[in-house]
Amino acid sequence: MTETFVQAVREAAGSAAVFENERMDRHTTFRIGGPADLFVRPEHTDQIVKILRICREAEVPYFVLGNGSNLLVSDAGYRGVILQLDQNYQSCRQENDMFSVKSGILLSKLAACAKEAAYSGLEFASGIPGTVGGAVTMNAGAYGGEMKQRLVSARILTEDLEVCDIRAERLDLRYRHSRIMEEDWIVLGAVFRLVPGDEEKIGEKIAEYREARQEKQPLEYPSAGSTFKRPEGYFAGKLIMDAGLAGFSIGDAEVSEKHCGFVINRGQATADQVVRLIETVRETVLQKFGVLLEPEVRYLGF
Ligand SMILES: Cc1cc2nc3c(=O)[nH]c(=O)nc-3n(C[C@H](O)[C@H](O)[C@H](O)COP(=O)(O)OP(=O)(O)OC[C@H]3O[C@@H](n4cnc5c(N)ncnc54)[C@H](O)[C@@H]3O)c2cc1C
């Protein structure tokens, strides 16, 4: 990455923060990851578009980051530009039952806004520690709910760097999958349709889900949530437990004993240790039960 390139990105970023050699363990819930060459926190869409244009012209790779809660970044970090769309790129506007947000807003914040306005439908998402952009891209879900059920449309920055609103039906939202990840689109915003409800009851539901998470998930350790997708007809955590891998560790990377579907970082885990642990778990489960586990966690910089 040349000085001229860095300077061009800084100019395009305008008022937005730009950091060189930014450690990614600061930006992932796993608390793992080496430095990214350039790390930008855009505040406006035109900054995003300008930066992407510069990256493409210079053939420098880029990656869009939300809250880093479903991500394993390599120990070597990322050679390219990371654009983080989180608190720096957020808003929430309500008109009757429609909630329009910019993609950097956290699901917890959106769920809280909906609760305050006495609208129900996103309680399930309140404990998922991601942004709306990451959640729509992953079609995040929990407790029988998923983004697909409430999403009306997403504002997308396409591969031609055009902004367009695409209806949810056209996003091919399935279990932890969307057309957005296939096409490398960027989610700039989203519109959700919720239903009028009772603020107190909504609050109770949110609290109930929070308690269920605290009871079942190893929230006291850094992780990226469920490491594996749910294989059809099985539960990843149960297969891993039945394979005798509860508490199995490589360095500080460990299969949580509280919930075997989570790989946790007990302090100083490296990405390399996590990858080796994941591969050992996959091989063991495949050998014992003939089921191939697919990682839900996304890899960057490998
Ligand atoms: C303790 C814990 C519990 C969790 N529980 C759940 C759960 O119950 N259900 C569930 O589904 N997930 C869960 N997760 C995983 C994670 O929170 C979700 O996948 C979340 O939606 C990821 O959002 P993010 O903003 O953190 O995305 P990131 O991790 O930053 O990115 C994930 C992917 O989305 C892409 N992306 C992010 N923002 C955008 C954007 N604006 N435009 C285009 N692409 C984008 C990234 O490029 C990357 O490929 C959990 C994680 C943790 C740590």
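Let me start with a contact count: 14 residues of domain 1 touch 18 residues of domain 3. Before I go further, please keep in mind that this is a predicted model.

For orientation, the domain assignment puts domain 1 at 3–87, domain 2 at 90–202 and domain 3 at 218–300. The centres of domain 1 and domain 3, taken over C-alpha atoms, are 28 Å apart.

Now the area. Between them, domain 1 and domain 3 bury about 1,400 Å², and 64% of that is on carbon and sulfur atoms. On the domain 1 side, three residues stand out: Phe30, Asn70 and Leu72 supply 50% of the area that domain 1 buries against domain 3, more than any other three residues.

What about the polar side of this interface? Polar contacts do turn up, with ten residue pairs counted between domain 1 and domain 3, both residues at pLDDT 80 or more.

Which strands supply at least two residues each of the side of domain 1 that touches domain 3? They are β4, residues 71–73, and β5, residues 78–84. The largest share comes from β4, with three residues. By residue class, the side of domain 1 that touches domain 3 divides into eight nonpolar, four polar and two charged residues.

On to the ligand. There are 34 residues around the ligand, and the ones that come nearest are Val64, Gly66, Ser69, Thr131 and Gly141.

For asparagine 67, a backbone N or O atom lies 2.9 Å from an oxygen atom of the ligand. For glycine 68, a backbone N or O atom is 2.8 Å from an oxygen atom of the ligand. Valine 187 places a backbone N or O atom 2.8 Å from a nitrogen atom of the ligand.

Note on methods
Residues numbered from 1 in each chain as written. Predicted model: local features only at pLDDT ≥ 70, side-chain atom pairs only at ≥ 80, totals over all residues. Heavy atoms only, no water. Domains from an automatic or database assignment. Contact = heavy atoms within 4.5 Å. Buried area = accessible area lost by both parts, 1.4 Å probe. Polar contact = N/O pair within 3.5 Å; in protein donor to acceptor, adjacent residues only side chain to side chain. Helix = DSSP H or I, 4+ residues; strand = E, 2+ residues; numbered from the N terminus. Nonpolar A, V, L, I, M, F, W, Y, C, P; charged D, E, K, R; others polar. Near = heavy atom within 4 Å.
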